[in-house]
Amino acid sequence: MGLTSADPRGCMKRATMSLWNRAQQLPPDDLRRVQGIYGEQFPIEVRHYLAGWIEDKMQQWNEIDPDNPSHSQYAQSLVSQLIQEIENKALSYANNEDLFLVRMRLDEAATSFKTRYLNSNPLGLVGIIRQCLNTEHNLVQQNENMLGGSVPHATNMVVEPCAEIEQELRILHERTRETANELRHLEQEQESFALQYHDCAKINAHLSHIQSQERTQQNREMEQSLRRRKELGEQQLAQKVSGLLQLRMALADKHKGTIDRLNSLQQRILDEELINWKRDQQMHGNGKPFNQNKLDQIQEWCEALAEIIWLNRHQIKECERHQTKIPIAPPGGVDMLPTLNSHITRLLSSLVTSTFIIEKQPPQVMKTNTRFTATVRLLVGGKLNVNMTPPQVRVSIISEAQANALLKNDQMNKGEQSGEILNNTGTMEYNQGTRQLSVSFRNMQLRKIKRAEKKGTESVMDEKFSLLFQSQFSVGGGELVFQVWTLSLPVVVIVHGNQEPHAWATVSWDNAFAEQGRIPFTVPEKVPWPQIADMLDTKFKAATGRGLTEDNLKFLAGKAFRNPQVQDFTNMMLSWSQFCKEPLSERNFTFWEWFFAVMKVTREHLRQQWNDGSIMGFVGRRQAEEMLKNSKSGTFLLRFSDSELGGVTIAWMYEDTTKACQRDVFMLQPFTSKAFAIRPLADVIADLNYLLYLYPNVPKDQAFGKYYTPQGEQQPTTNNGYVKPQLKTHVPGWSGDPMDSYPNTPQTIYGGMGGPPSVSSNPSDCVSTVPTYNECEYDQFLENLSEADFPDMNFDFLQTNFMKPQ
């Protein structure tokens, strides 16, 4: 928005002023709102005394996404700089007794930021600062727009207010004030007309009386005078009638214009802004960042709409009342008021029913007999005083067919539902601080579910349900009664954890590819690969902290389409069956099951290594061999197994120096979550001393050393006197290893760590170990233990029960 020409000097002056300086020039009410956004979390003293530094860093505040964990390090650096600036500023006031309290307050803020945010939650502080700056920016822009200027773009805020909506609301408020003034003027004119009409009636009555009297000279003169007054009065009344009609018609026209503008603005807010928020909420179910605070802005707009609609509706009803008092028919006999009243009441009804929304969705994969939560909010409840008689909200679960029928008929048959939910009623409460009317269901539980008959290859994990939230309340002292309802995002009901992967496939596909205004809950059968890739990237990033590269996505495309040779997947369509129904080639699991398992093991056990790039992951067996074949001996990489769900395998290059030119790439049998729960990946790599360099040539201690379990944390005994075993990974069959005489026996810490393996690259020949012992080892182990070293040890029990040889 450019600078206006009304006062170019004033606009240029504002353009050179800082945001904080402009905020301090706000009217008293707005200035109090600015002061109210600061508190213990972000003291106003910090904002004031470091205003220049904070605004100089505006670009950095904007670049950090508080909902993105991968931005945490960047946020920590910026918060650290802020703390340093606060401490420097406090130090500069050390010799100024007048600023002693300021220095104390700044020191307290620096200490608070260190303990509460620096290491534990730097993104939280960045989010608070951004929100404060945005609120300042909004208030300054609103004020300066009203003065004829505009806020320069120097601040470049990420979440800019929708200036057109704000401007249109100001116009509608102004039009409403104008029609209120015109209505008062109409009331005055109508009162004047009534008085004049009463005077004319008195003149007519007097004239009739004179005419009935004796025709004396005095009476004749009186009659003439009364006739002149009557004619003049009737002329004036005719003018008054014409004026009243014009005022009524002009007021009706202005109300019609206001209603038209209200209708357009309400459509934009409800059909664009609120629908987009709901769409963002649905995409958040797939892991996309979601600005929850946007709903507060939408509520402000909706409350402003509700106020304007209510005032205009009251004005129109007043016009109808005045028209009933003095029923003057307009030219042509067309009365606009009933139509206007109907239209504006319909607008109010649409606003109320559309702003009954689910602020916090229930879980989309819902397990029976498991507690879950949800929150419902009425955006205009406070403004319309619905909280004076707090409404009850009831929750039920309905099937896809029932949801379809509900949208067609706008009502449900009484008692119709597809399951039984415990603790499914609640009363909406009004929070004075947040001005929100809402109800939070904290202890709901799905006890029973009634499923539809399945067709073809359909499974229970393909079936979608929805939670129906219903309520009824009145406004205007019972004048208008609203029955409202809203549906949750699609829900898949499961009864066992092994159904979870397929259920999430159904939910993820629906969240990503549902079209606006669809019939519940239809989704496309085929989707272009770029959209699938975006969905997979979003989910992986949300689960693990780092997204997928182009190479990762190309690998996934080759796997999903069962054709890794294709170079360009851009124009290819992936079907739902290929995604999660049909098994991968030569496997007994689907593409989604493989991807879900990889995402799960990465989130639970490999998050840090994935985020720092130590895990290559999405690379096939042949590609790994090609990458390693020219590397030096001991170079290794980590890839996700093609054959085992959630498996991670180590591929490494080994060159046998005792044999001329014998180089080969080996693959360890995949490690899974169970293995990582016993021995973390970094410790496994540390155990295998023939792994030297992470591909291409990073020393393994440099890459993984920070993740090794410190030796000091490994205690030889526990408090109860038992020996605490220390597990280490070993691959049998290595030259020079004491275990060579038992080539099929796994090894532990109590056996040696031999040289590089001379095993085939067939995964079936490689062993991922658990602590078992052969007979000789077992006897040797017991001999090495002494009662002097472990006085509390029960050796009889140990010999009887401690991991007998296998």
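In the predicted model, helix H11 (residues 217–284) passes helix H12 (residues 294–325) in a left-handed crossing, the near helix being turned anticlockwise from the far one by less than a right angle; helices here are DSSP runs (H or I) of at least four residues and strands (E) of at least two, numbered from the N terminus. The two helices pack at an angle of about 160°, with their axes 10 Å apart, where axes are lines fitted to C-alpha atoms over the stretch in contact and angles run from 0 to 180 degrees between N-to-C directions. H11 is therefore roughly antiparallel to H12 (an angle over 145 degrees). Their contact comprises 17 nonpolar, seven polar and three charged residues (Ala, Val, Leu, Ile, Met, Phe, Trp, Tyr, Cys and Pro count as nonpolar, Asp, Glu, Lys and Arg as charged, and the others, Gly among them, as polar).

Aromatic pairs, defined by ring centres within 6.5 Å for Phe, Tyr and Trp (its six-membered ring), number 35. In one of them, the rings of Tyr49 and Tyr93 have centres 5.8 Å apart and planes at 70°, so the pair is edge-to-face (planes over 60 degrees apart). This pair links distant parts of the chain, 44 residues apart, with Tyr49 in helix H4 (residues 44–49) and Tyr93 in the loop between helix H7 (72–92) and helix H8 (100–118).

Residues are numbered from 1 along each chain as its sequence is written. As the model is predicted, local features need pLDDT of at least 70 and side-chain atom pairs count only at pLDDT 80 or more, while totals for chains, interfaces and linings use all residues, and side-chain values use heavy atoms, with hydrogens and water left out.

Conventions
Parallel < 35°, antiparallel > 145°, perpendicular 65-115°, else oblique. Phe/Tyr/Trp six-rings, centres within 6.5 Å; stacked < 30°, edge-to-face > 60°.
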